[in-house]
Amino acid sequence: MAIPLAYNLRNLVVRKTTTLMTALGIGLTVAVLLSILALVNGLRSTLASSGDPLQIVVLRKGSESEIVSNFLREQYQDLKFKPGIAVGRDGQPLASLEVLTVINLPSIDHPEGVNLSVRGLAPVGIELRPSVRIVSGRWFQPGRREVVVGKSVAARYPDAQIGKQIQFGRGMWDVVGVFDAGQGAQGSEIWGDLNQVSSDLQRLEVLSSALVRATDAVTAKALINDINNDQRLNMNALSEKDYYDAQTVSAAPIEFIGIFVSIVMAIGSSFAAMNTMYAAVARRAREIGTLRVLGFSKGSILFSFFVESVLLAGIGGLLGCLLVLPLNGIQTGIGNTNFSETAFNFHVSPQIMTTGIVFAVILGAVGGLFPARNAATKEILTALREI
């Protein structure tokens, strides 16, 4: 015969101070783990939404990012007429030659300055990113020192406001618009005219990369192989999705440290749960003896105390989820492979919260197993004599 669940719930309520303190310790452990998972999940969501599987990033062979890649205009002329590249509304190949550099700009959180990516591109580069749209002001005009900034840049950098000026290259650049890239990483960039930016950077012939669009998924794979095998180009091509996926490596150290800290805290929390349950067994010795007299088996008592520990940890898991919920949607930034900052939001998903509760339950199971076994093995007469 099983001991009713109400018995365990009543004991948790009666020992409310001990229950709350133990649950809070477990909750803090879960909150640390979930905050790290929410950070990594937010970054991955941003980078995943940035890449299009039909679009191909072309870099100099051996380069892992645009900032260290050199791309000659002559090579671009050979590239853009490759078979398999889609054609735009004007009948020209959907291929965009681009230059990328990094500038330092003071932000609200870092007045000393943070690295930001400045991208020079032609109108076809904007056409290749249909999810990007102007939400305030206007697009830059070719041949002028004008830039547009991503929405997240405008929100976090006081100098990146419409009507203000940003200094880089040979002079000052007017901010004339703010664009929205959705959750994409492009929202962390500043865009200007390709020829004007490259001229200011004194990189008229040696640029950074090219972005091309394939006609379909099958053609995209063939086009990547064609570019990679072309000895004349000496270029490395990969899908835009794969390119942005590779940038999640910047979050790996944070994820490792966060999980390591969570494991250390988990060990402490499991001992706390174990001590709580050992104390409960000691205080309720007569109850255990009475339960045995009433006919409850050792297995029922073991299971009851085990369930009580799991319930206690489950409360801690729910508390941890509540503690981390305020982080959901908060914007932050992290360095990427281009030595600049990518802005993204913490994303506390239902899957992450489920992970936290399961993690807490495992802590409760580990911490409650030995005290439950201790309760089950008590002899009836010995338990009834204990005070």
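The legends below describe close-up views of a predicted model.

Residues are numbered from 1 along each chain as its sequence is written, and side-chain values use heavy atoms, with hydrogens and water left out. Local features need pLDDT of at least 70 and side-chain atom pairs count only at pLDDT 80 or more, while totals for chains, interfaces and linings use all residues.

View 1. Helices (H or I, at least four residues) and strands (E, at least two) are DSSP runs, numbered from the N terminus. Tyr7, Asn8, Asn11 and Leu12 are buried in helix 1; buried means under 20% relative accessible area, exposed over 50%, and partly exposed in between, with a 1.4 Å probe and protein chains only. An α-helix has 3.6 residues a turn, so residues three or four places apart point the same way. Ala6, Val13 and Val14, on the other side of helix 1, are exposed. The buried residues of helix 1 pack against helix 2 (16–48), helix 10 (285–293) and helix 11 (298–324), where contact means heavy atoms within 4.5 Å.

**View 2. Strand 6 (residues 146–150) pairs with strand 8 and with strand 9.** Two strands pair if DSSP finds at least two bridges between them. Strand 6 and strand 8 (residues 171–180) run parallel and are joined by five bridges; Val148 has Gly177 of strand 8 as its bridge partner. With strand 9 (residues 189–193), strand 6 pairs in the antiparallel sense over three bridges, and Ile190 of strand 9 is the bridge partner of Val149. Strand 6 is mostly covered, with five of its five residues buried.

**View 3. Strand 14 (341–345) pairs with strand 13 (residues 331–335).** The pairing is antiparallel and has five bridges. Thr342 in strand 14 is the bridge partner of Ile334. Four of the five residues of strand 14 are buried.

**View 4. The largest pocket has a volume of about 330 Å³.** Among the 19 residues that line this pocket, Thr46, Gly182, Gln183, Gln331 and Asn345 are the closest to its centre. Helix 2, helix 5 (151–156) and strand 14 are the elements that give two or more residues to the lining. On a 1 Å grid over the protein atoms alone, a cavity is a set of points where a 1.4 Å probe fits but cannot get out, and a pocket is an open set with protein on both sides within 12 Å along at least five of seven lines; lining residues have an atom within 4 Å of a point. Grid points are joined across faces, edges and corners, and a volume is the space filled by probe spheres set on the points.

**View 5. The largest cavity has a volume of about 90 Å³.** Of the 14 residues that line this cavity, Ala185, Glu189, Asn336, Asn338 and Thr342 are the closest to its centre. Strand 4 (114–121), helix 8 (240–246) and strand 14 each supply at least two lining residues. The structure holds three cavities of 30 Å³ or more.

**View 6. The second largest cavity has a volume of about 70 Å³.** Its lining includes Glu66, Arg119, Arg129 and Tyr243. Strand 11 (209–213) and helix 8 each supply at least two residues of this lining.
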